[in-house]
Amino acid sequence: ERDRETDRKKSGDEVVGYFGAADVGLRAMDGEWKLVKRRRRQRRKPGSKGGRHAALLLDASFLSEDDLLGALEGYKRALESFASKVVERVRELLGDRELLEIVCYGVGTFAREESRSARVQLALALLLREACAHELPLSFFDPACGEHEAEALAALGVRQLDSNDQGLRCVQGPTLLFMPHCPLQLYSNLLWANWGPRLADLVILGNTFSDYGVTVGNSSEDSGACVFLLAQLCQEIDLRAMLEAELDLESSTDEDFARAFNNTSLMSYPQLLDPHTGSLPTRPVEAPQCSEH
């Protein structure tokens, strides 16, 4: 298995490890996503400028809307075959049920010039919407995004969520949660919010959950995260081999794709009873708090 920290360092000018943004990290602290600069690793003070416009404080350069939309179209063309295969897997997981919506969390500030991997991720989300048999609502939230991203999302017909639900979203039917490289806290919050029959409605595209068992370990303070509590019920489809079959990830032209999806799988919960106990694990009274992963 790849070492996660090594993957982050190899990404160069765009840190795409767990948080999706370039120099901006999204950390789960005190139950909230916090916006921090990578180099200084400082938390923003309560009441300081943050949220949607915080990325503007970093003096970043942004693509024009035309250039941004053009870049997304180019990535979509390269990812078209891969997206079709992902949709096939999602349909296999859902059987005769149809997706009701796609929700994107933590993609990052895709309008910034250097945020190529974030644009690759958004391009795939757009393709997944287009590849479905019917037009799906596509929602998006990232606390680091600002007015540049908002304008582009409006042009793309993507709904930008108004508030940060911290992943505590109760789905209303089969839903694809598009969450590449999100922090462990967000995955745990999502599972906690949908504990019970709604787990069967979740299809999560994100960090490979089984890899957390290697990097975090059972003795960690994060061992109480819902990802671990429901591990016996989780079904995974590793997308890395599928991506490698579609693209030459050793070439420099496909480096952005490799960084964007370097540890990505589809996770679902088709069985709601633990095969060892014959019952659904007990839901924690409150959403477990995770450290930074």
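1. Phenylalanine 140 has a relative accessible area of 0%, and because buried means under 20%, this residue counts as buried. The model is a predicted one, and phenylalanine 140 belongs to strand S4, residues 138-141.

2. Phenylalanine 110 is also buried, at 0% relative accessibility. This residue is found in the loop between strand S3 (101-105) and helix H3 (116-131). A pair of aromatic rings is described by the distance of the centres and the angle of the planes. For phenylalanine 110 and phenylalanine 140 these are 5.7 Å and 85°, an edge-to-face pair.

3. Another pair joins tyrosine 187 and phenylalanine 209. The ring centres lie 5.2 Å apart and the planes meet at 65°, so this pair is edge-to-face. Tyrosine 187 is in helix H5 (residues 184-193) and phenylalanine 209 is in helix H6 (residues 209-215), so the pair ties together parts 22 residues apart in sequence. Tyrosine 187 is buried at 0% relative accessibility, and phenylalanine 209 is buried at 5%. Together with Tyr212, these residues make up one aromatic cluster.

4. A charge and a ring meet elsewhere in the model. The charged end of arginine 283 sits over the ring of tryptophan 192, at 3.7 Å from the ring centre.

5. Which residues have the most contacts inside the largest nonpolar core? They are Leu79, Leu128, Phe178 and Leu266, in a core of 50 residues. Helix H2 (residues 65-94) supplies the largest share of this core, with eleven residues. With neighbours within four places in sequence set aside, leucine 128 is in contact with Ala83, Val86, Val87, Ile102, Leu176, Phe178 and Leu205.

6. Some totals complete the picture. The protein has nine helices and nine strands. Of its 293 residues, 57% count as buried. The protein exposes about 13,000 Å², and carbon and sulfur atoms supply 46% of that area. Among contacts between residues at least 6 apart in sequence, 76% join residues at least 24 apart.

Methods. Residues numbered from 1 in each chain as written. Predicted model: local features only at pLDDT ≥ 70, side-chain atom pairs only at ≥ 80, totals over all residues. Heavy atoms only, no water. Helix = DSSP H or I, 4+ residues; strand = E, 2+ residues; numbered from the N terminus. Buried < 20%, exposed > 50% of the residue type's maximum accessible area, 1.4 Å probe, protein only. Contact = heavy atoms within 4.5 Å. Areas by Shrake-Rupley, 256 points an atom, 1.4 Å probe, with all protein chains shown as cover. Phe/Tyr/Trp six-rings, centres within 6.5 Å; stacked < 30°, edge-to-face > 60°. Lys NZ or Arg CZ within 6 Å of the ring centre and 35° of its normal. Core = buried A, V, L, I, M, F, W, Y, C linked by side-chain atoms within 4.5 Å.
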